[in-house]
Amino acid sequence: MTWDPDAPGVLRLPSGRLVRGRGLARPLPAGPEPQFALYLLGKEPPAVAWDATWVRWPDFRLPADKAAFGAALREAWERAGTERVELACHGGNGRTGTALACMAVLDGVPAAEAVAFVRAGYSPKAVETPWQRRFASRFES
């Protein structure tokens, strides 16, 4: 079972996969918990009851290890086909939006359109900095 497509923060990818983005600064939303999460933070997050991967990604910047980010994102995308997957950073906009845009590229959205896709389907505030926009627009599936 995946996410309710109408739940807050849920983005429907072109393949039909549903992925939830959120900010860890806010309480865990009501409803089912994720089965897998990709956390995008400058420091290691607290332990959670579900499978999770952490990618070091300082606020307003890019992933410290782009290859590790790519591998973790691909795992999240694959698992989103059958599981509840969430991507999250502290605020839920910049890093989360950038990762969602990169995931959209994995799912077939042209890289040049990925930021607009995520802003339309997830949050108009997604992908905060020029270098995050450039990173997403150059991401390769």
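I shall discuss a strand, then a helix, and then the nonpolar cores.

This is a predicted model, in which local features need pLDDT of at least 70 and side-chain atom pairs count only at pLDDT 80 or more, while totals for chains, interfaces and linings use all residues. Residues are numbered from 1 along each chain as its sequence is written, and side-chain values use heavy atoms, with hydrogens and water left out.

Let us begin with strand S2, residues 18-23. Helices (H or I, at least four residues) and strands (E, at least two) are DSSP runs, numbered from the N terminus. Six of the six residues of S2 are buried, that is, under 20% relative accessible area with a 1.4 Å probe and protein chains only; exposed means over 50%, and partly exposed lies in between. Leu18, Arg20 and Arg22 lie on one side, Val19, Gly21 and Gly23 on the other, and both faces are covered.

Which strands pair with S2? Pairing requires at least two DSSP bridges between two strands. Strand S1, residues 10-12, is antiparallel to S2, with three bridges, and Arg12 has Leu18 as its bridge partner. The two strands form a hairpin with five residues between them, and Gly16 in the turn has a positive phi of about 100°. Strand S5, residues 85-89, runs parallel to S2 and is joined to it by five bridges; here Gly23 stands opposite Cys89.

I turn to helix H3, residues 114-121, where Ala114, Val115 and Val118 are buried. Seen down the axis, these buried residues fall within an arc of 100° (taken from the directions from the helix axis to the C-beta atoms), so they line one face of H3. Ala116 and Ala120, on the other side, are exposed. The cover over the buried residues includes S1, helix H2 (94-106) and helix H4 (130-137), contact being heavy atoms within 4.5 Å.

Finally, the cores. A nonpolar core is a set of buried Ala, Val, Leu, Ile, Met, Phe, Trp, Tyr and Cys residues joined through side-chain atoms within 4.5 Å. The largest has 34 residues, and Val19, Leu40, Phe69, Leu73 and Leu87 have the most contacts inside it. Which element gives the most to this core? H2 does, with eight residues. Beyond its neighbours within four places in sequence, Leu73 contacts residues including Leu38, Leu87, Ala99 and Phe139. Another core, of five residues, lies apart from the largest one and includes Ala37, Tyr39, Leu41 and Trp50.
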